[in-house]
Amino acid sequence: MNFSSTEQSSQNSEQAKQASWVLGIDLGGTTIKFGLFRGPQLIWRNHIRTDDYESPEAAFESCRDSVQRTLEESSQSLDDLQAIGLAMAGVLDPKAEELAETANLHRWHQLNFRQQLSSVFQKPVFLLNDADAAALAESAHGLCRADSLVLMTLGTGVGGGVILDGRPVRGANGCGGEIGHATIEFGDAARQCGCGFPGHLEAYAGAGGVIQTAIETLARSSDPSALRKLDPITPLSIANAAADGDAIAMDVIHQTGVLIGRAIAMLAHVVDPDVVLLGGAMTFGGPGTDTGKRFLQSIREECYPRTLVQISSHLKIEFATLGNDAGIVGAAHYARLANEARQALNA
Ligand SMILES: [Zn+2]
């Protein structure tokens with residue numbers, strides 16, 4: 001075989017890889033989202049309600065039937081599906097490749113989701129944490145792509161996914177990237193985190209923490225604020241009040257940004273990523289609003305002066321861009337990477 005035919009053959013094999021079908025599943029407590037990808041392209045997506053199914057097996061069978069019908073409509077079959085990526089919240093046991101603990105699926109009293117899914121589809125299944133899936137999706141397909149990237153997800157809790165060299169880092173015990181449980185307050189007055197330990201970021205930057213900051217800020221001040229009339233106060237009402245110019249609400253968002261900025265500064269000296277992204281439901285309006293932009297500014301202004309110049313001059317801090325699709329996009333991307341690595345090992 002001469003050089004040009006070797007090159008041709010390598011191109012063909014690359015095209016075949018690019019065109020292979022994979023399925024990405026994002027299994028949440030409320031919804032199970034799934035999407036079929038041909039190469040990196042999302043071809044079709046669907047979702048079912050988690051509560052409609054008595055067991056994960058029943059839910060996975062429903063996914064399989066739906067995927068099978070769709071493939072057949074494109075003159076394909078389940079045989080053409082190469083692999084499945086399954087993204088879930090919870091702590092993964094890296095050795096068993098199953099969940100060691102899950103936060104939001106207590107109704108289903110089991111942890112062997114990967115095995116169940118593999119048995120229903122008769123395909124290789126690769127399991128990853130949902131924050132890692134979202135981070136991987138942003139790293140490979142978001143607006144701010146980078147092989148070295150951290151995603152912080154802000155919502156009820158504060159999650160995180162770390163991508164290095166284009167791959168998620170979960171660590172020896174499945175807890176790598178759990179930025180929400182980094183300690184940022186050390187004094188006696190440090191708030192208790194939901195996990196039971198004091199001073200964690202989540203106790204300040206999770207939804208409950210932000211509400212607590214609002215209550216404490218209102219108690220310290222006699223200034224008028226729309227928040228005084230609200231019961232309960234929510235992160236959304238804080239964002240809305242800030243958008244209307246409410247000084248207390250703006251201060252609450254600034255305080256939250258400062259603490260997130262400190263956490264990112266700590267993290268940046270461990271991981272040194274090119275990009276840190278803020279995602280999740282609680283970004284105070286996100287990139288399309290002045291309130292969201294001010295929140296991001298508070299984070300940057302606290303973070304950059306605390307980091308070595310080599311970091312602060314390069315590190316980008318931005319909002320995530322993939323939204324609700326990030327879980328299925330990341331799960332499918334991971335399945336493709338992991339399946340290729342496995343095939344290379346077996347070759
Ligand atoms: Zn904690």
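This is a predicted model: local features need pLDDT of at least 70, side-chain atom pairs count only at pLDDT 80 or more; totals for chains, interfaces and linings use all residues.
How many salt bridges are counted between domain 1 and domain 2? The count is zero.

The domain assignment of the protein chain places domain 1 at residues 15-129 and domain 2 at residues 143-321. Taken over C-alpha atoms, the centres of domain 1 and domain 2 are 30 Å apart. Where the two parts meet, five residues of domain 1 are in contact with seven residues of domain 2.

The size of an interface is often given as the accessible area lost when the parts come together. For domain 1 and domain 2 the buried area is about 430 Å², and carbon and sulfur atoms give 54% of that area. On the side of domain 1, the residues that lose the most area to domain 2 are Val91, Pro94 and Asn129, which together make up 67% of what that side buries.

Polar links across this boundary can be listed briefly. One residue pair is in polar contact between domain 1 and domain 2, with both residues at pLDDT 80 or more. By class, the side of domain 1 that touches domain 2 consists of three nonpolar residues, one polar residue and one charged residue.

A second topic is the aromatic rings. A pair of aromatic rings is described by the distance of the centres and the angle of the planes. The count comes to three aromatic pairs.

Another of the pairs is formed by Phe284 and Phe295. Their ring centres are 4.8 Å apart and their planes are at 80°, so the pair is edge-to-face.

Definitions and conventions:
Residues are numbered from 1 along each chain as its sequence is written. Side-chain values use heavy atoms; hydrogens and water are left out. Domain bounds come from an automatic or database domain assignment. Contact means heavy atoms within 4.5 Å. Buried area is the accessible area (1.4 Å probe) that two parts lose on being put together, summed over both. A salt bridge is a side-chain nitrogen of Lys or Arg within 4 Å of a carboxyl oxygen of Asp or Glu. A polar contact is a pair of N or O atoms within 3.5 Å; within protein, one must be able to donate a hydrogen and the other to accept it, and residues adjacent in sequence count only if both atoms are side-chain atoms. Ala, Val, Leu, Ile, Met, Phe, Trp, Tyr, Cys and Pro count as nonpolar, Asp, Glu, Lys and Arg as charged, and the others, Gly among them, as polar. Rings of Phe, Tyr and Trp (its six-membered ring) pair if their centres lie within 6.5 Å; planes under 30 degrees apart count as stacked, over 60 as edge-to-face and the rest as tilted.
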